[in-house]
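Please read the following report with the sequence and the model side by side.

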Amino acid sequence: MANKFNFERARMVPVPSRAIVPDRDIDDTPALECIHLGIEFGGLKAVDDFNLTIGKTEIAGLIGPNGAGKTTVFNLLTKVYQPTHGTVLVGGQDTSGKTVAQVNRMGVARTFQNIRLFDTMSVLDNVKVGLHNQKPYSALEGVVRAPRFWIREKEFDDRARELLDIFDMGSLANEPAGSLPYGAQRRLEIVRALATNPSLLLLDEPAAGMNPSETAELMENIVKIRDTFQIAIMLIEHDMSLVMNICEGICVLNFGKVIAKGTPEEIQMNEAVIEAYLGKQKEAGFDE
């Protein structure tokens with residue numbers, strides 16, 4: 001498939017674990033390492049022996065048919081589910097036994113398939129919610145409105161506006177989040193996730209429901225996020241044009257197991273992927 005998006009990928013190179021990461025990340029600790037990760041529900045292996053390494057500034061894709069276990073992987077990485085076995089390292093740090101909030105403070109943020117904004121709150125306040133993972137003041141200081149409360153709130157307000165400006169949303173700061181067009185709501189959810197200061201941003205079907213123009217803008221924003229914040233991004237997505245044009249490394253799941261890992265070019269030619277995930281190449285856009 002031709003690369004229709006003007007995006008220069010890094011060369012993927014092997015690391016000692018036999019994974020591949022972008023060449024620019026070869027000397028840095030990976031943003032994410034999953035080692036024999038898995039979870040069982042009542043004896044059913046929803047994810048089994050999942051191994052993946054993502055470079056410090058890599059844009060990675062996780063693809064597979066419906067029910068393959070992709071969102072379950074995200075839930076394992078964010079500790080919505082505790083794994084039955086295996087290890088997750090974030091920036092080299094083991095996340096075993098951590099809670100959702102603790103893993104978020106370690107640097108993992110995510111968005112969801114279904115937008116989860118506080119619809120009646122302003123755009124600005126939605127972003128400020130993300131900033132409050134940094135424990136700015138004690139509960140008592142918040143209740144009595146102590147001086148440190150106002151100082152930190154001013155800092156959060158300034159930072160939230162700065163993030164909105166980066167994505168050309170500053171003029172919408174005082175609008176109710178629920179009043180925004182669909183694409184802007186998706187963008188706001190990403191901005192709120194970035195407010196938690198992540199080193200790894202997980203995007204669960206970010207292009208779902210978007211028209212081609214909105215999807216093109218999303219691709220530009222994903223690259224902008226990586227370049228501006230120098231973080232890793234991992235996305236689940238069914239839009240193969242987006243995945244193949246923007247991801248540097250791709251992992252393919254089927255029935256909870258990894259069936260292929262590689263560059264977009266390698267994945268497009270992989271017979272197991274074509275058979276298990278795509279069915280007909282043309283229907284999925286792999287022969288464009």
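Glu 33 has Thr 53 of β4 as its bridge partner. Strands here are DSSP runs (E, at least two residues), helices are DSSP runs too (H or I, at least four), and both are numbered from the N terminus. Seven bridges join β3 (residues 32–41) to β4, and the two strands run antiparallel. Strands pair if DSSP finds at least two bridges between them.

This is a predicted model, in which local features need pLDDT of at least 70 and side-chain atom pairs count only at pLDDT 80 or more, while totals for chains, interfaces and linings use all residues. Residues are numbered from 1 along each chain as its sequence is written, and side-chain values use heavy atoms, with hydrogens and water left out.

**The sheet and its helix**

Contact means heavy atoms within 4.5 Å.

Why is α1 (residues 70–77) largely enclosed by the rest of the structure? Seven of its eight residues are buried, so the rest of the structure largely encloses it. Buried means under 20% relative accessible area, exposed over 50%, and partly exposed in between (1.4 Å probe, protein chains only). Among the buried residues of α1 are Lys 70, Val 73, Phe 74 and Leu 77.

Gly 86 sits in strand β6. Gly 86 touches Ile 35, His 36 and Leu 37, not counting residues up to four places away in sequence. The C-alpha atoms of Gly 86 and Cys 34 are separated by 7.5 Å, although the two residues are 52 residues apart along the chain.

**Two positive phi values**

Most residues other than glycine have a negative phi. Lys 79, which follows α1, has a positive phi near 70 degrees. Lys 79 is in the loop between α1 and β6. Glu 205 is not a glycine either, yet its phi is positive, about 50 degrees. Glu 205 is in the loop between β9 (200–204) and α7 (212–229).

**Accessibility of selected residues**

| Residue | Relative accessible area | Class |
|---|---|---|
| Lys 79 | 6% | buried |
| Glu 205 | 15% | buried |
| Asp 157 | 19% | buried |
| Asp 28 | 35% | partly exposed |
| Gly 86 | 35% | partly exposed |

Asp 157 lies in helix α5 (residues 147–166). Asp 157 touches Leu 124 and Lys 128, not counting residues up to four places away in sequence. Asp 28 is in the loop between β2 (20–22) and β3. The C-alpha atoms of Asp 28 and Lys 56 are separated by 6.5 Å, with the two residues 28 residues apart along the chain.

**Nonpolar cores**

A nonpolar core is a set of buried Ala, Val, Leu, Ile, Met, Phe, Trp, Tyr and Cys residues joined through side-chain atoms within 4.5 Å. The largest one has 47 residues. Those with the most contacts inside it are Leu 164, Leu 188, Leu 201, Leu 235 and Ile 246. Helix α6 (residues 182–194) supplies the largest share of this core, six residues. A second, separate core has 28 residues, including Ala 31, Leu 200, Ala 232 and Leu 253.

Leu 235 touches residues including Ile 59, Phe 74, Leu 203, Ile 222 and Ile 246, not counting residues up to four places away in sequence.

**The whole chain**

The protein chain has eleven helices and twelve strands. Of its 288 residues, 52% count as buried. Among contacts with a separation of 6 or more, 68% join residues 24 or more positions apart. The chain exposes about 13,500 Å², and carbon and sulfur atoms supply 51% of that area. Accessible areas come from the Shrake-Rupley method with a 1.4 Å probe; for residues, only the protein chains shown count as cover.

The mean pLDDT is 87, and 86% of the residues reach 70 or more. pLDDT is the predictor's confidence in each residue, from 0 to 100. Over residues 280–288 pLDDT stays under 50, and the model has 16 contacts for them beyond four places in sequence.
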